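Here are some notes to read alongside the model. They are set out as numbered points, one topic to each.

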Amino acid sequence: MTNTTRQHPHQATKLPLTESKNHLEIKNLSITYHTKKILENISMMIPRHSITAIIGPSGCGKSSFLSCINRLIDLTPKTQFSGEIYFNQHPVLNTKSDLILLRKKIGTIFQKPNPFPMSIKKNIQIALKEHGTKDSKELDRITRQVLQDVGLYDEVSDRLNDSALHLSGGQQQRLCIARAIALQPELLLMDEPCSALDPISINIIENLITRLSKQYTILIVTHNLAQARRISSSTAVFWPTNGIGELIEYGATEQIFEQPKNQITADYIRGYRA
Amino acid sequence: MNFLKKIIMLVPYKLKQSHFVSSFFWMTAIMVTLLFFWMLSSIIGDGFQALSWEFIFDNPSDSGRSGGIAPILISTVLILLICSLTTLPLAIATAFLIAEFIPENHFFSIIIKRSLDILASIPSIVYGLFGNIVFCKMMGLGFSILSGGLTLACMILPILILTSEQTFRSISKAHRQGSEALALSKFTTLFQVYLPCAIPALTAGFILGLGRATAETAALIFTSGYVDRMPDSVMDSGRALSIHIYDLTMNVPGGSNNAYGTALLMIIILLITNSSINWLTQRWNHNLTAQND
Ligand SMILES: Nc1ncnc2c1ncn2[C@@H]1O[C@H](COP(=O)(O)OP(=O)(O)OP(=O)(O)O)[C@@H](O)[C@H]1O
Ligand SMILES: [Mg+2]
């Protein structure tokens, strides 16, 4: 694929490039919608090839947080953010940052599977074609590869030209993951990817996520605490204090679930607080 | 709607429980249906005897009292073709522009939409005069099928833009985000993601506009004229079905029989085009959006 060779516009300006093992760094991030502040002072360091779970009650700003990292928040008018996000040491929240490159490097999977109204094959190839893969053999090879990666190939190999909307919810979600990893991103953002799925599909996708973490850095929002505990290596707990989301605890998943330092975290993971 | 709700709240509970309210709604529904069937049956009853193959394939004679309506059918088809070929791309492009690039409550989008609202409610005769001045005189197209088609296009464009814009805005946020997250260009997004989703609603709007254009008389009298000869090209004047009906009933004594025949044919043509457009889009779309909400 060709997209890895393109120069990031900030590569030239950002010197020297220290070899940091943090893939993603978030420093003092705050988000304001219109006039309502919803996230304040979030700082996280996310190492390469790790799975970080983000947990917290509904409405505390988890989805907004993710949408800052891939700048999908730009779709919402009247939002302001302050602070810094560095992805591979390059500033993300810079007005001049290359959104196309950023979004190619950051795959996003949404809560509700959202395959496009087209065939399974086209769903995967549409973005590849858009970003410069022209050769049809290469396209088919990548399609096959990513479908195998998400364990969907055997289920759909005989109907690649059928509408993606005829797939089951779990299959659709795996197709969306395949579609995202076809662009060879480095970071995957997943916003409650399993919330619309049955236990068997959840199991399949959890295994998939664990497998994917060997190649990708993964950030996953989940309401399922058991899931966070099963798959993630570190966990971040967001909590709304006076209506403004804050990061109240962030550390190794084991520590958060075994010996939480924060009383609210302790109550939350025991289910005392909703 | 609020007003209606208040009235319904004023109705005492007992009365709501009784069959009074439901029978009232049934009665209105039956009355509307009856009215429709009454009109339809009178057109069918009077028009049926005029219908024959000769009526469809012959030239009119004796000012339309006898003979057929072949040239009129051809002119109508040409006018509608010109109208749809110009409105469809323009309406879709404009609607996409407004929906995708301008936020909904931005003052620019409000101004555009207000203007479109006003344009959509202008009486068609004004469009006729406008078309007469702009297309026939200023652009020198004269009384021609082309002028008529373009005038009709101006007439249905506003309503088509408004409905398409709503359609594009209502395309689920999920597709918008999905396409944005994959860094797809606006061009790809429009043609490969949005259009397949929007086709059913766009078709519905288009059929409405086409119906309005087919039924139009006032706008065409001043632009495509009422020559009932077979047109040689779109630069010739040509008479549309609706004008033929108008002319036969108002200006030609003894022409009402053929007027009914023409009206019946027009209804049949509308039914056939509507259902075939519907069928085509459904077929085309079935495979892709069958489970789309
Ligand atoms: N476009 C918007 N305009 C204004 N406020 C918004 C907008 N989107 C989200 N919010 C508000 O921001 C807050 C955080 O929303 P967000 O969707 O990020 O929460 P969340 O943690 O993802 O919740 P959930 O777990 O239910 O998905 C909420 O209070 C929400 O009402
Ligand atoms: Mg959310």
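Which residues does Ala263(B) touch, not counting residues up to four places away in sequence? The points below take that up first and then move on to the rest of this predicted model.

1. **Ala263(B).** Ala263(B) touches Ile43(B) and Ile245(B), once residues up to four places away in sequence are set aside. Its place is in helix α13 of chain B, residues 256–289. Ala263(B) has a relative accessible area of 14%. The cut-off for buried is under 20%, so Ala263(B) counts as buried.

2. **Chain B overall.** Chain B has 13 helices and two strands. Of its 293 residues, 42% count as buried. Along the principal axes, the C-alpha atoms fill a box of roughly 65 × 60 × 40 Å. Take the contacts in chain B with a separation of 6 or more: residues 24 or more positions apart account for 73% of them. The accessible surface of chain B is about 16,300 Å², and carbon and sulfur atoms hold 71% of that.

3. **Ser109(B).** Is this serine buried or exposed? Ser109(B) counts as buried, because its relative accessibility is 0%. It belongs to helix α6 of chain B, which runs over residues 107–120. Leaving out residues up to four places away in sequence, Ser109(B) touches Ile98(B), Ile102(B), Pro103(B), Glu104(B) and Arg169(B).

4. **The chain A–chain B contact.** How many residues does each chain give? Chain A gives 27 residues and chain B gives 23. The area buried between the two chains is about 2,200 Å², with carbon and sulfur atoms giving 62% of it. On the chain A side, the residues that lose the most area to chain B are Phe116(A), Pro117(A) and Glu130(A). Together these three make up 25% of what that side buries.

5. **Helix α3(A).** This helix covers residues 120–130 of chain A, and its buried residues are Ile120(A), Asn123(A), Ile124(A), Gln125(A), Ile126(A), Ala127(A) and Leu128(A). What do they pack against? Within chain A, the partners are α4 (136–149), α5 (153–156) and α6 (169–181). From chain B, α10 (186–214) is also a partner. Just after α3(A), Gly132(A) takes a positive phi of about 105°.

6. **Ligand 1: nearest residues.** There are 13 residues around ligand 1, and those that come nearest are Ser58(A), Lys62(A), Ser63(A), Ser64(A) and His223(A). For Ser58(A), a polar side-chain atom lies 2.4 Å from a ligand oxygen. For Lys62(A), the distance from a polar side-chain atom to a ligand oxygen is 2.7 Å. For His223(A), that distance is also 2.7 Å. The protein covers 63% of the 630 Å² of accessible area that ligand 1 has on its own.

7. **Ligand 1: make-up of the shell.** In chain A, β2 (36–47) and α1 (62–69) are the elements that give two or more residues to the shell. Which element gives the most? That is α1(A), with three residues. By class, the shell has seven polar, three charged and three nonpolar residues.

8. **Helix α1(A).** Seven of the eight residues of α1(A) are buried, so this helix is largely enclosed by the rest of the structure. The buried ones are Lys62(A), Ser64(A), Phe65(A), Leu66(A), Ser67(A), Cys68(A) and Ile69(A). Just after α1(A), Arg71(A) takes a positive phi of about 60°.

9. **Positive phi in loops of chain A.** Most residues other than glycine have a negative phi. Lys78(A) is not a glycine, yet has a positive phi of about 60°. It is found in the loop between α1 and β4 (79–87) of chain A. Lys78(A) is exposed, with a relative accessible area of 55%. Asn242(A), again a residue other than glycine, has a positive phi near 55°. Its loop runs between β9 (234–241) and β10 (244–252) of chain A. Asn242(A) is exposed as well, at 76% relative accessible area.

Terms used
Residues are numbered from 1 along each chain as its sequence is written. Chains are lettered from A and ligands numbered from 1 in the order in which they are written. This is a predicted model: local features need pLDDT of at least 70, side-chain atom pairs count only at pLDDT 80 or more; totals for chains, interfaces and linings use all residues. Side-chain values use heavy atoms; hydrogens and water are left out. A residue is near a molecule or strand if one of its heavy atoms lies within 4 Å of it. A polar contact is a pair of N or O atoms within 3.5 Å; within protein, one must be able to donate a hydrogen and the other to accept it, and residues adjacent in sequence count only if both atoms are side-chain atoms. Accessible areas come from the Shrake-Rupley method with a 1.4 Å probe; for residues, only the protein chains shown count as cover. Helices (H or I, at least four residues) and strands (E, at least two) are DSSP runs, numbered from the N terminus. Ala, Val, Leu, Ile, Met, Phe, Trp, Tyr, Cys and Pro count as nonpolar, Asp, Glu, Lys and Arg as charged, and the others, Gly among them, as polar. Buried means under 20% relative accessible area, exposed over 50%, partly exposed in between (1.4 Å probe, protein chains only). Contact means heavy atoms within 4.5 Å. Buried area is the accessible area (1.4 Å probe) that two parts lose on being put together, summed over both.
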